[in-house]
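Biologist: I am new to this structure and would like to learn how to read it. Could you take me through it one feature at a time?

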Amino acid sequence: MASVTEEQVELARELIQSVPPGEVTTYGDVAAHAGLSSPRLTAWILRTDGHDLPWWRVIAASGRPSARPPERQLDRLAAEGVPVVDGRVVLKECRHRF
DNA sequence: ACTTTGACTAGAA
DNA sequence: TTTCTAGCCAAAG
């Protein structure tokens, strides 16, 4: 598959929506479970077709928030119960496993 | 058809 | 610990 199919996008959306409050997932995880070729595609989906998804629950594997207004994002995550330490999300504890 | 860009990642410095 | 580099894939100009 040379491009991202509807199926992949749909699955990625499902996965992201299935992440409960208090937990987060990474681009790589979503990509892996959705069958995407690369984590960048997850980012591409969130940027283009994922405007309806809880993009704030999808963070980089480094534990850093996405490159969008990160301050509000961290506050929102913390409010949902996501462990945030020193401006960094604790993936080790809140990473959702599908 | 080619080049640039991007909400990434893992590894190196 | 943080910052940089290279690899990565698809879309947009």
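Biologist: Which residue follows H2, and what is its phi?

Modeller: Gly 35 follows H2, and its phi is positive, near 85°. Helices (H or I, at least four residues) and strands (E, at least two) are DSSP runs, numbered from the N terminus. This is a predicted model, in which local features need pLDDT of at least 70 and side-chain atom pairs count only at pLDDT 80 or more, while totals for chains, interfaces and linings use all residues. Residues are numbered from 1 along each chain as its sequence is written, chains are lettered from A and ligands numbered from 1 in the order in which they are written, and side-chain values use heavy atoms, with hydrogens and water left out.

Biologist: How should I read a positive phi?

Modeller: Most residues other than glycine have a negative phi. Asp 86 is not a glycine, yet it has a positive phi of about 55°. Asp 86 sits in the loop between S3 and S4.

Biologist: Is Asp 86 buried or exposed?

Modeller: The terms go by relative accessible area: buried is under 20%, exposed is over 50%, and partly exposed is in between (1.4 Å probe, protein chains only). Asp 86 counts as exposed because its relative accessibility is 74%.

Biologist: Back to H2, then. Which of its residues are buried, and what covers them?

Modeller: Tyr 27, Asp 29, Val 30, Ala 31 and Ala 34 are the buried residues of H2. Their cover includes H1, strand S1 (25-26), H3 and S2.

Biologist: At what angle do H2 and H3 pack?

Modeller: To get such an angle, axes are fitted as lines to C-alpha atoms, for helices over the stretch in contact, and angles run from 0 to 180 degrees between N-to-C directions. Helix H2 (residues 27-34) and helix H3 (residues 39-48) pack at about 95°, and their axes are 7 Å apart. The two helices are therefore roughly perpendicular; angles under 35 degrees count as roughly parallel, over 145 as roughly antiparallel, 65 to 115 as roughly perpendicular and the rest as oblique. On the H2 side, Tyr 27, Gly 28, Val 30 and Ala 31 make the contact, and on the H3 side Pro 39, Thr 42, Ala 43 and Leu 46 do. Contact here means heavy atoms within 4.5 Å.

Biologist: H3 also holds Trp 44. What does Trp 44 touch?

Modeller: Not counting residues up to four places away in sequence, Trp 44 touches Val 4 and Asp 49. Trp 44 is partly exposed, with a relative accessible area of 38%.

Biologist: How many residues does the largest nonpolar core have?

Modeller: A nonpolar core is a set of buried Ala, Val, Leu, Ile, Met, Phe, Trp, Tyr and Cys residues joined through side-chain atoms within 4.5 Å. The largest one has 13 residues, and Ala 12, Ile 16, Ala 34, Leu 36, Ile 45, Leu 46 and Val 58 have the most contacts inside it. Helix H1 (6-18), H2 and H3 each give two or more residues to this core. Leaving aside neighbours within four places in sequence, Leu 36 is in contact with Val 4, Gln 8, Ala 31, Leu 41, Thr 42 and Ile 45.

Biologist: Which residues of H4 are buried, and where do they lie around its axis?

Modeller: An α-helix has 3.6 residues a turn, so residues three or four places apart point the same way. In helix H4 (residues 70-80), the buried residues are Gln 73, Leu 74 and Leu 77. They lie on the same side of H4, because they cover an arc of only 95° around the axis; the arc is that of the directions from the helix axis to the C-beta atoms. Glu 71, Arg 72, Asp 75 and Ala 79 are exposed on the face turned away from the buried side. Strand S2 (58-59), strand S3 (84-85) and strand S4 (88-89) are among what covers the buried residues.

Biologist: And what does His 96 touch?

Modeller: His 96 lies in the segment after helix H5 (91-94). Leaving out residues up to four places away in sequence, His 96 touches Ser 18, Val 19, Pro 20, Glu 23, Val 24 and Asp 29. His 96 is buried, at a relative accessible area of 15%.
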